[in-house]
Amino acid sequence: MFLPRRFAELSAQFASLPGIGPKAADRLVFYLLDQPDDQVQALAESLVAAKREIAFCRRCGNFAQGDLCEVCRDTSRDVKLLCVVEEIRDLAAIEKTGAYRGLYHVLHGRIDPISRVGPAELQLERLAERISRDQVGEVIIATNPNFNGDITAMYIAKLLAGLPQVRVTRIATGIPKGSDLEFADIFTLTQALEKRTDVQV
Ligand SMILES: [Zn+2]
């Protein structure tokens, strides 16, 4: 190895990140070592501060700096409308459309029989409690259009069927079957939200 040990250490750290191979990791280290000290310092501080200060929103499970996330803090949001998503990245995809003005509930997972993830791991009881407490009028289930997303949606619909005041809908299937919300383009996702249909249980 013709490069210092620290170089290899940092490169290995980058290479452990998703989507970054060993060559790209080396390029990042070369780039950073070429930058002014204060710029690298700012990057390191930003990384540590983000990890230290960002937690999950107490209400919806989105990332939050403080108790509540930016969506839950926004008083112009329709609190009677709740969108259930599997992951924060799905919330981000829906937010990018600008077509949705309600609140969210992030499951941080999906029912997955093969990996033995059941409803208990997703804290679905908390969702039902929240809907009753906040008198939510409509729940839009926006789990991914694949096998696990479908069975999760069906489970939630059945769970909420006992709550008379709530309408339960599912985003339309404009999104290709088997794919993820986060990869859908803004137009397709907006259409899927607008053309949502009532879930029959
Ligand atoms: Zn929130």
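**View 1. Domain 1 and domain 2.** The C-alpha centres of domain 1 and domain 2 lie 35 Å apart. This is a predicted model: local features need pLDDT of at least 70, side-chain atom pairs count only at pLDDT 80 or more, and totals for chains, interfaces and linings use all residues. Numbering starts from 1 along each chain as its sequence is written. Domain 1 covers 5-54 and domain 2 covers 76-198; such bounds come from an automatic or database domain assignment. The C-alpha trace of the protein spans about 70 × 35 × 35 Å along its principal axes. Eight helices and seven strands make up the secondary structure. Helices (H or I, at least four residues) and strands (E, at least two) are DSSP runs, numbered from the N terminus. Of contacts between residues at least 6 apart in sequence, 57% join residues at least 24 apart. A contact here means that two C-beta atoms, placed from the backbone, lie within 7 Å.

**View 2. Helices α1 and α2.** The axes of α1 (residues 5-15) and α2 come within 8 Å and cross at roughly 125°. Axes are lines fitted to C-alpha atoms, for helices over the stretch in contact; angles run from 0 to 180 degrees between N-to-C directions. α1 and α2 are therefore oblique to each other. Angles under 35 degrees count as roughly parallel, over 145 as roughly antiparallel, 65 to 115 as roughly perpendicular and the rest as oblique. In this pair F7, L10, S11, F14 and A15 of α1 meet P22, A25, D26, L28 and V29 of α2. The contact residues divide into eight nonpolar, one polar and one charged. Nonpolar means Ala, Val, Leu, Ile, Met, Phe, Trp, Tyr, Cys and Pro; charged means Asp, Glu, Lys and Arg; the others, Gly among them, are polar.

**View 3. K23 in helix α2.** K23 is found in α2 (residues 22-33). K23 counts as exposed because it has 10 C-beta neighbours inside 10 Å. The cut-offs within 10 Å are 20 or more other C-beta atoms for buried and 12 or fewer for exposed, with partly exposed in between; C-beta atoms are placed from the backbone. Buried residues make up 25% of the 201 residues in the protein. The C-alpha atoms of K23 and I114 are separated by 35 Å.

**View 4. Helices α6 and α7.** The axes of α6 (residues 124-133) and α7 (residues 147-160) come within 11 Å and cross at roughly 45°. α6 and α7 are therefore oblique to each other. L124, A128 and I131 in α6 meet I156, L159 and L160 in α7. This contact has six nonpolar residues, no polar and no charged.
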